[in-house]
Amino acid sequence: AIAIDSEGNLYVTDTGNKRVEKFSPDGQFLQLWGGGGIVPGKFEEPVGITIDTEGNFYVADTWNRRVQKFDRDFNPVLQWDVAGWDSESVVNKPYITTDPQGRVIISDPEGYRVIAYNGSTGDVLVTWGQFGQDLASFGLPVGLTTDAQGNLLVVDSDNNRVMKFQIPAIQTEQ
């Protein structure tokens, strides 16, 4: 996955090498973080990455079954467990996004659901989805993003569709 900060720098999850790399807007390599491990700042299968409105980074650290939060300088500040991501299957590649309300939203592909967390505390706010093809279900939710109106767009890959949701209004108490 990739994320772009307010200065135009590009951040890439280098999944196979268990790290995050930073590049300048013109493509020059600048820095990297991570490496294999379980301590804060280390990764096992980092897949998704996103940046919130305050410049904090969030990484879907899949095989460690957690989300890690980093400050603007990529110092670890918080992590929380994900009740899911328990497979090392090639299709279990979760993605992550944030919204303007400070929520961190992840896909749980093999759990057929999406989970929203409070980005300040890591507390679960809402979970939705189940296996199926109706408008409340997913086949394999992977890619996520939010649009300018705050709607969540989810790539439901096994059902060959993109789904649009209004994220429930939940107080995040920041």
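**View 1. D61 and the residues around it.** Leaving aside residues up to four places away in sequence, D61 touches K42, F43, E44, E45, P46, R66, Q68 and W85, where contact means heavy atoms within 4.5 Å. This is a predicted model in which local features need pLDDT of at least 70, side-chain atom pairs count only at pLDDT 80 or more, and totals for chains, interfaces and linings use all residues. Residues are numbered from 1 along each chain as its sequence is written, and side-chain values use heavy atoms, with hydrogens and water left out.

**View 2. The side chain of D61 in strand β6.** D61 lies in β6 (residues 57-61); strands here are DSSP runs of E, at least two residues, numbered from the N terminus. With a relative accessible area of 0%, D61 is buried (under 20%, 1.4 Å probe, protein chains only). Its side chain makes polar contacts with the side chains of N64 at 2.9 Å and Q68 at 3.1 Å. A polar contact is a pair of N or O atoms within 3.5 Å, where one must be able to donate a hydrogen and the other to accept it; residues adjacent in sequence count only if both atoms are side-chain atoms.

**View 3. An open sheet of four strands.** The order is β9-β10-β11-β12, with antiparallel pairing; two strands pair if DSSP finds at least two bridges between them. β9 (96-98) and β12 stand at the edges with a single partner strand each, so one side of each has no neighbour in the sheet.

Conventions: Buried < 20%, exposed > 50% of the residue type's maximum accessible area, 1.4 Å probe, protein only.
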